Amino acid sequence: MNKLFHYCLLFSFYCSNICSEQLFYNAKFKNIGAGEAKIELIKEPVDSTTRAIHFTLRTRKFVDMFYKLRENIYIHADMNDYSLKYLDKRSTQGDYNKTHKAHFDYEKYLVIYQEDSLKIDKKVYDPLGIIYYLRNQNLKMNQSFQFDIYSH
């Protein structure tokens, strides 16, 4: 029994280091539960400098009859400042579907997406990455931060 306890303790410690943190939200429209969202920070790094963030949003089946909404965003962010390295965004809004993938090359100051590119002059962020960046800051009253947001 003692060995079993040690294995369970070891497994839970191992899992706490590689499993993800998940934040759940209820989406409401005029105070009616319309759907659910989840933000997940994957603790296991993509590589030595990169973290993964996954966001999902979906309306409830009842709401889908009127307006179906699905968001699935997968981000690779810099482990230190959570700036974007890679973005994969898939959206459904009613009958409209959109997929967007982008790679961020800060050495060449380019965002590369589909068959095009965009020049940038500094690091860019997704609001999801900003949440995690700010969580790691020692915030003070009247302190401000500026971020360049990538939105496509």
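Strands, as named in these legends, are DSSP runs of E with at least two residues, numbered from the N terminus. With that in hand, welcome to a short tour of a predicted model.

**View 1. Q114 sits in the loop between β7 and β8.** The strands on either side are β7, residues 110–113, and β8, residues 116–119. Look at the backbone here: the phi of Q114 is near 40°, which is positive although the residue is not glycine. Most residues other than glycine have a negative phi. The relative accessibility of Q114 is 52%, so this residue passes the 50% cut-off and counts as exposed.

**View 2. N31 is found in the loop between β1 and β2.** Here is another non-glycine residue with a positive phi, this time near 65°. N31 counts as exposed, with a relative accessibility of 68%.

**View 3. The largest pocket has a volume of about 190 Å³.** Its lining is made up of K28, F29, I32, A34, T59, F62, V63, F66, Y67 and L69. Which elements each supply at least two residues of this lining? They are β1 (20–29), β2 (32–47) and α2 (61–64). Sorted by class, the lining holds eight nonpolar residues, one polar residue and one charged residue.

**View 4. Strand β3 pairs with β2 and with β4.** On the β2 side, nine bridges join the two strands, and they run antiparallel. β2 and β3 form a hairpin with two residues between them, and D47 has T50 in β3 as its bridge partner. On the β4 side (residues 69–78), nine bridges join the strands, again in an antiparallel arrangement; R58 finds its bridge partner in R70 of β4. As a reminder for reading the view, side chains in a regular strand alternate between the two faces of the sheet. Is β3 largely enclosed or largely open? Seven of its ten residues (the strand spans 50–59) are buried, so β3 is largely enclosed by the rest of the structure.

**View 5. E21 and R135 form a salt bridge.** The closest N and O atoms of this pair are 2.9 Å apart. E21 belongs to strand β1 and R135 to helix α3 (residues 127–135), so the contact ties together parts that are 114 residues apart in sequence. Both partners are partly exposed: E21 has a relative accessible area of 24%, and R135 is at 46% relative accessibility.

**View 6. D64 and R70 meet through their side chains in a salt bridge.** The distance from N to O is 2.7 Å. Are these two residues buried or exposed? Both D64 and R70 are buried.

**View 7. R90 and D88 form a salt bridge.** The closest N and O atoms lie 2.9 Å apart. The two partners fall into separate accessibility classes: D88, at 10% relative accessibility, counts as buried, whereas R90, at 38%, counts as partly exposed. A search of the whole structure finds six salt bridges, including the pairs E21 with R135, D64 with R70 and R90 with D88.

Definitions and conventions: Residues numbered from 1 in each chain as written. Predicted model: local features only at pLDDT ≥ 70, side-chain atom pairs only at ≥ 80, totals over all residues. Heavy atoms only, no water. 1 Å grid on protein atoms, 1.4 Å probe; cavity = no way out; pocket = protein on both sides within 12 Å on 5 of 7 lines; lining within 4 Å. Points joined across faces, edges and corners; volume = space filled by probe spheres on them. Helix = DSSP H or I, 4+ residues; strand = E, 2+ residues; numbered from the N terminus. Nonpolar A, V, L, I, M, F, W, Y, C, P; charged D, E, K, R; others polar. Salt bridge = Lys/Arg side-chain N within 4 Å of Asp/Glu carboxyl O. Buried < 20%, exposed > 50% of the residue type's maximum accessible area, 1.4 Å probe, protein only. Pairing = 2+ DSSP bridges.
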